[in-house]
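Here is a quick walk through a model, for someone who likes to check things on screen. Keep the viewer open and follow along.

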Amino acid sequence: MGDQERMVEAILFASAEPVTVRELQERMPHGCDPAEALAYLRKRYEGRGVQVVRVGDAWAIRTAPDLGFLMQKETVETRKLSRAAIETLAIIAYHQPVTRGEIEEIRGVSVSRGTVDQLLEMGWIRFGRRKMTPGRPVTFVVTEEFLDHFGLESARDLPGLKELRAAGLLDNRPPPGLVPLTDPEPEDEEEAPGQSELFED
């Protein structure tokens with residue numbers, strides 16, 4: 001098992017992307033048990049500067065959360081998302097799998113193709129299964145890259161309404177004079193999203 005731990009450790013260190021148990025099994029010698037080796041390795045790294053973390057169905061070695069400030073220069077996000085992209089991403093994360101029509105219904109505005117293309121290009125969303133409704137529309141879901149970026153094991157780890165309100169990201173009531181829009185929003189908007197429209201009780 002010690003040798004298997006070393007093999008799993010070497011693969012995770014050398015891989016830029018999270019690796020699934022199946023991929024580990026394909027790379028390791030016949031008869032190895034990567035799942036058990038992962039469990040031992042994860043325990044061994046507890047409390048260290050890096051940790052073995054689960055990202056969706058895959059595994060990766062990542063900096064311990066409390067040491068993230070040391071990597072600030074390396075993790076600065078230079079590309080800003082538009083308001084439309086932020087709202088669309090939030091809806092997909094909380095309502096996946098969701099169709100374009102359902103996104104538009106929740107937002108109250110049309111979703112431009114550029115918004116979806118930007119999120120697809122960033123690798124934060126992908127196409128899901130087609131919905132079994134007339135026209136069989138395609139759905140969207142968030143990717144493991146999205147989960148990895150925000151340090152989530154799965155979409156179930158996203159903060160709930162109570163946490164969002166406690167953090168001051170949601171208002172208990174919509175802003176006064178709020179009127180639903182019907183035209184697509186410009187892609188260059190960069191102001192904070194109208195969260196109160198996204199997560200109504």
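The notes below go from confidence to sheets, and then to aromatic rings.

This is a predicted model, so local features are described at pLDDT of at least 70 and side-chain atom pairs only at pLDDT 80 or more, while totals for chains, interfaces and linings use all residues. Residues are numbered from 1 along each chain as its sequence is written, and side-chain values use heavy atoms, with hydrogens and water left out.

**Confidence**

pLDDT is the predictor's confidence in each residue, from 0 to 100. For the protein chain the mean is 78, with 76% of residues at 70 or more. Watch out for residues 171-201, where pLDDT stays under 50. The model has 55 contacts beyond four places in sequence for that stretch, a contact being heavy atoms within 4.5 Å. Where pLDDT is low, the predicted coordinates should not be read in detail.

Helices (H or I, at least four residues) and strands (E, at least two) are DSSP runs numbered from the N terminus, and two strands pair if DSSP finds at least two bridges between them. S1 is joined to strand S3 (residues 58-63) by 2 bridges, and valine 19 has tryptophan 59 in S3 as its bridge partner.

Serine 15 sits in the loop between H1 and S1. A polar atom of the serine 15 side chain lies 2.7 Å from the backbone oxygen of isoleucine 11. At 17% relative accessibility, serine 15 counts as buried (buried is under 20% relative accessible area, exposed over 50%, partly exposed in between, with a 1.4 Å probe and protein chains only).

**Strand S6 and its partners**

Strand S4 (residues 98-99) and S6 run antiparallel, joined by 2 bridges, with threonine 99 partnered by threonine 139 in S6. S5 and S6 also pair in the antiparallel sense, over 4 bridges. S6 is mostly covered, as 4 of its 5 residues are buried.

**Aromatic pairs**

The structure holds 4 aromatic pairs. Rings of Phe, Tyr and Trp (its six-membered ring) pair if their centres lie within 6.5 Å, and planes under 30 degrees apart count as stacked, over 60 as edge-to-face and the rest as tilted. Two of the pairs look like this:

| Pair | Centre distance | Plane angle | Type |
|---|---|---|---|
| Tryptophan 124 and phenylalanine 146 | 6.2 Å | 75° | edge-to-face |
| Phenylalanine 127 and phenylalanine 140 | 5.4 Å | 35° | tilted |

Tryptophan 124 is in the loop between helix H6 (113-122) and strand S5 (125-130), and phenylalanine 146 is in helix H7 (residues 144-149), so their pair ties together parts 22 residues apart in sequence. Tryptophan 124 is buried at 9% relative accessibility, and phenylalanine 146 is buried at 5%. Trp124, Phe146 and Phe150 form one aromatic cluster.

Phenylalanine 127 in strand S5 and phenylalanine 140 in strand S6 (residues 138-142) are 13 residues apart, and phenylalanine 127 stands opposite phenylalanine 140. Buried or partly exposed: which is phenylalanine 127? Phenylalanine 127 is partly exposed, at 47%, whereas phenylalanine 140 is buried at 3%.

How values were computed. Polar contact = N/O pair within 3.5 Å; in protein donor to acceptor, adjacent residues only side chain to side chain.
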